[in-house]
Amino acid sequence: MAEHLNARSIYACIRTCRSFYRSFVPRLWSDLSVKQYKREPINADLVRANTHLVEAISYSSTLTDDYYTIVYPRLHTLRFDTVYAEGNVPTNLQVTPLQKVEFARHHPSIRKLIYHHKDTLPREFWEVVETEWTELESLEMSGNVEADAVDPFWRACDRAKTLYFSHLYLPESVPILSTLSFQRLQDLRIKKYPWQKWTPHRMWPMQLLEQVRSSERLQRLAWDVNDVAFPARMIMDAFAEDCWPDLQQLIIGDTTCSDQDLAGVLGAVTSRRLTVFEYANGKLGPLTYKCLQERYFRHLKDLNLGKCTGVTSAMAQEILMECTQLVDFDAPHIFVRDIVKASKPWGCSKIQTLVIYIAKQPDDEAGWDGLVFEQISKLRWLQSLDLQRDPHCSYFEEESRPEEITDLATLDFRLDARSKTVADDHSGGNERGGVADIRCWSSLVQLKELSFDGDRQALGMDELVWMTEHWRDLWCICGGFKGIVSPEDCIRRDHLCLQSGLWIFD
């Protein structure tokens with residue numbers, strides 16, 4: 001039961017009675033972050049006293065060597081995490097790579113490794129992973145691999161089911177061993193984030209993909225690097241040879257891929273069943289959209305087009321109507337007019353995550369907002385709703401959303417005692433007596449995250465109280481409450497957030 005509860009709920013259970021205390025305390029220790037950003041680490045002696053409960057752990061790059069002498073007998077997931085600001089902490093990377101080798105040697109039961117520290121691991125570390133971590137299934141890695149460590153690094157990768165490389169660089173002089181087949185590989189992701197330091201990947205991603213062709217278990221392929229072109233022809237040739245019969249998830253981030261090549265790749269997928277498609281950058285052309293429409297609308301569960309150009313409001317509306325299996329959807333925008341004038345309601349009743357900017361045009365009728373609120377109120381499984389103009393933070397991107405979209409107004413969340421009412425069906429009535437604000441969304445009882453643009457509407461305490469009363473699982477709001485200005489309201493807001501475990505990011 002504890003697996004389905006957040007930390008706040010577990011703390012409440014612990015305080016209930018002694019029996020609950022004994023049952024739920026182990027859950028708090030089972031997945032442990034020893035040090036969180038801007039907080040002091042958990043005392044090493046306290047961690048050492050509870051090692052028998054720890055199954056997954058995160059080690060910050062600022063921890064001292066005392067923590068690397070601790071042995072966790074049940075550990076299966078090891079995360080070496082770092083954040084940007086930790087580079088200025090005096091204890092950052094104080095632990096030597098050889099100490100990390102010894103730590104790895106004492107934990108042979110690791111099944112998942114995530115490494116994002118800024119130092120370079122020595123050859124000995126990868127030899128331990130290769131020879132002693134016999135249960136390794138997942139490796140997530142960023143940083144450099146030195147020339148003498150390349151071979152043991154790839155031999156360790158050869159046993160994994162999941163490989164996720166972000167900002168990973170290897171010397172071009174040492175190719176991938178030709179004897180490796182990656183037969184267990186199910187999930188391959190190669191990614192580079194916009195804020196990461198520019199260093200060319202060279203050719204290892206192409207070499208890796210060529211050797212992965214023989215992997216019959218591959219289910220997901222993600223290629224999101226901007227310095228190595230998406231190998232559309234290589235992938236189409238692989239599909240033509242019936243490679244990757246189980247591949248159902250495809251993520252592409254190359255802006256140079258042509259509409260014809262992208263449509264060719266989608267049309268050649270061996271499994272004929274695409275459940276996840278993400279086109280992280282570039283322009284979505286008509287051939288690609290037609291291929292998605294004709295082949296995969298009935299299968300798609302996760303469709304991410306939020307950073308694409310060429311995605312129209314009409315496309316977004318059609319996807320929301322026709323993709324009945326959709327769970328996650330990200331698109332740039334949709335017009336209120338297209339939602340209201342559609343021939344039928346949205347068919348994506350299972351959707352859990354919706355990221356889209358709902359734009360109002362100057363000639364929209366006054367009652368249309370109510371119909372849009374009502375349409376969203378029917379998405380009873382919704383857990384994350386992001387209605388920001390620029391949810392992907394275009395600070396790091398070459399282009400932001402088009403001004404003709406972002407300058408348009410959006411839905412007004414403010415509670416108004418003089419709620420927009422309706423005189424007839426043409427002015428936007430709904431089942432809640434004409435209410436045209438967030439009160440329509442009292443049905444979204446599973447909502448956990450809400451993001452909206454608060455710069456054009458002064459939400460205040462009334463809206464915040466309503467949200468916390470009706471969305472009991474809500475833990476995060478991204479959006480400004482600019483109507484909260486008085487000292488009394490600020491104190492009340494902080495108390496309410498603390499009481500309900502809510503974070504607000506303006």
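Is Thr353 buried, partly exposed or exposed?

Reply: Some ground rules come first. This is a predicted model, where local features need pLDDT of at least 70, side-chain atom pairs count only at pLDDT 80 or more, and totals for chains, interfaces and linings use all residues. Residues are numbered from 1 along each chain as its sequence is written, and side-chain values use heavy atoms, with hydrogens and water left out.

Thr353 is partly exposed, because its relative accessibility is 23%. (Buried means under 20% relative accessible area, exposed over 50%, and partly exposed in between, with a 1.4 Å probe and protein chains only.) Thr353 sits in strand S13, residues 353–359. Strands are DSSP runs of E with at least two residues, helices are runs of H or I with at least four, and both are numbered from the N terminus.

Now its surroundings. Leaving aside neighbours within four places in sequence, Thr353 touches Val327, Asp328, Phe329, Leu382 and Ser384. Contact here means heavy atoms within 4.5 Å. With Asp328 there is a polar contact, side chain to side chain, at 3.1 Å. Such a contact is a pair of N or O atoms within 3.5 Å; within protein, one must be able to donate a hydrogen and the other to accept it, and residues adjacent in sequence count only if both atoms are side-chain atoms. Asp330 is 23 residues away along the chain, yet its C-alpha lies 8.1 Å from that of Thr353.

Next, the aromatic rings. Rings of Phe, Tyr and Trp (its six-membered ring) pair if their centres lie within 6.5 Å; planes under 30 degrees apart are stacked, over 60 edge-to-face, and the rest tilted. That rule gives 26 aromatic pairs. Tyr59 and Tyr68 are edge-to-face, because their planes meet at 80°, with centres 5.1 Å apart. Tyr59 counts as buried at 0% relative accessibility. Tyr68 is buried too, at 8%. Phe373 and Trp441 make a tilted pair, with 5.0 Å between centres and 50° between planes. Phe373 belongs to helix H13 (residues 368–377), while Trp441 is in the loop between helix H14 (403–406) and strand S15 (449–451), so the pair ties together parts 68 residues apart in sequence. Both residues, Phe373 and Trp441, are buried.

Last, two backbone angles. Most residues other than glycine have a negative phi. Phe182 has a positive one, near 55°. Phe182 lies in the loop between strands S6 (162–169) and S7 (187–191), and is buried at 0%. Arg272 also has a positive phi, about 60°. Its loop runs between helix H9 (259–268) and strand S10 (276–279). Arg272 is partly exposed, at 44%.
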